[in-house]
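This briefing is meant for a reader who is meeting the structure for the first time. Please look over the sequence and the model, and then read the notes that follow, which are grouped by topic.

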Amino acid sequence: MSVERAAIVTGASSGIGLAIARVLGQEGFAITVAARRPEKLDGAAKGLTEEGFDVHAVAANVAEEADIKKVVDAHRERYGRLDVLVNNAGVGVGAPVGEIDTKRLDMQLDINLRSIVLFYRECMPMLKAAGAQHKRAIVVNTASIAGKHGQAWLSVYSATKHAVVGWSDSMNRELATEGIRSTALCPAFVDTPMTDFAKAQVPAEEMIRPEDIAESVRYLLKVSPACLVPEIMFIRPGDSL
């Protein structure tokens, strides 16, 4: 299928990922959406399709290398190009340091960090082709305010998000001359199920909306290629650092 612009969004069945996918559709991108739960992903993809967007859903657990390759291969086969990659899938599990469970440690490392590295690697030929064509290939990595300020109890999650910020900076230094920009989004609490644990302290109405995050991606699509944006931070009254 021949399209002018195409994107991949992970963690796209709800929340931030779904909001970003919607903005990309509004901006004329064909979109491959990926998430772990097929039923939830199919429902999200159906909704986007009904809004008139060209959407391809691929169920995948990004903790698995084979599933990452499946997403990229399916996208390449359907659309043949990649202009925007959004690494949004993530998970946070809190525990005091003396009680960190190895399985949950590995899960956070695999999903929050390892998957991003592997998506870059697998998508690099398509991203470089887009960068050579129009100098506007973009990768957006969802980090967190916890990636800028260490968080007690969420120490592993915080460490992975610090790594996402560092990785994004490194990729800008490595790939900017090839027309590929990387940005780490660093929001505080966003009103999604992932922050339900905090809503007794920070009411949902005071949290950032997923649509707020998605609008930052719309901005990145329009900013001059010469203006690298390594990090976008979102802080609202009532957010704790």
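A nonpolar core is a set of buried Ala, Val, Leu, Ile, Met, Phe, Trp, Tyr and Cys residues joined through side-chain atoms within 4.5 Å, where buried stands for under 20% relative accessible area, exposed for over 50%, and partly exposed for what lies in between (1.4 Å probe, protein chains only). The largest such core here has 35 residues, and those with the most contacts inside it are L85, F119, C123 and L127. This is a predicted model, in which local features need pLDDT of at least 70 and side-chain atom pairs count only at pLDDT 80 or more, while totals for chains, interfaces and linings use all residues. Residues are numbered from 1 along each chain as its sequence is written, and side-chain values use heavy atoms, with hydrogens and water left out.

**Overall layout**

- The protein chain holds 6 helices and 7 strands, these being DSSP runs numbered from the N terminus (H or I of at least four residues for helices, E of at least two for strands).
- Read from the N terminus on, the elements follow the order β-α-β-α-β-α-β-α-β-α-β-α-β.
- Of the 241 residues in the protein chain, 51% are buried.
- The accessible surface of the protein chain, computed by the Shrake-Rupley method with a 1.4 Å probe (for residues, only the protein chains shown count as cover), comes to about 10,800 Å², and 53% of that surface belongs to carbon and sulfur atoms.
- When contact is taken as heavy atoms within 4.5 Å, 68% of the contacts in the protein chain between residues at least 6 apart in sequence join residues at least 24 apart.

- A second, separate core has 34 residues, including L24, V33, A35 and I208.

**Helix α5 and K161**

- Helix α5 (residues 155-175) has 21 residues and should span 30 Å at 1.5 Å a residue, and its end C-alpha atoms are 30 Å apart, which agrees; the expected span is 1.5 Å times one less than the number of residues.
- The buried residues of α5 include V156, Y157, V164, V165 and L175, and also K161.
- K161 is buried yet has no salt bridge, the nearest side chain of opposite charge, D110, being 13 Å away; here Lys and Arg count as positive and Asp and Glu as negative, while His and the chain ends are not counted.
- Leaving aside neighbours within four places in sequence, K161 is in contact with N112, T142, A143, S144, A146 and G147.

**Salt bridges**

- A salt bridge is a side-chain nitrogen of Lys or Arg within 4 Å of a carboxyl oxygen of Asp or Glu, and a search of the whole structure finds 14 of them.
- D54 forms one with R78, with the closest N and O atoms 3.6 Å apart, and this pair links distant parts of the chain, as D54 is in the loop between α2 (38-50) and β3 (55-59) and R78, 24 residues apart from it, is in helix α3.
- E65 and K69 also meet in a salt bridge (3.7 Å, N to O), and both lie in helix α3, 4 residues apart, about one turn of the helix.
- E65 is partly exposed at 28% relative accessibility, and K69 is partly exposed with a relative accessible area of 33%.
- A network of salt bridges links E65, K69, R114, R121 and E122.
- R209 pairs with E211, their closest N and O atoms being 3.7 Å apart.

**The N-terminal segment**

- M1 lies in the segment before β1 (6-10) and, at 55% relative accessibility, counts as exposed.
- Not counting residues up to four places away in sequence, M1 touches D54, R78 and Y79.
- M1 and R81 are 80 residues apart in sequence, and their C-alpha atoms are 9.8 Å apart in space.
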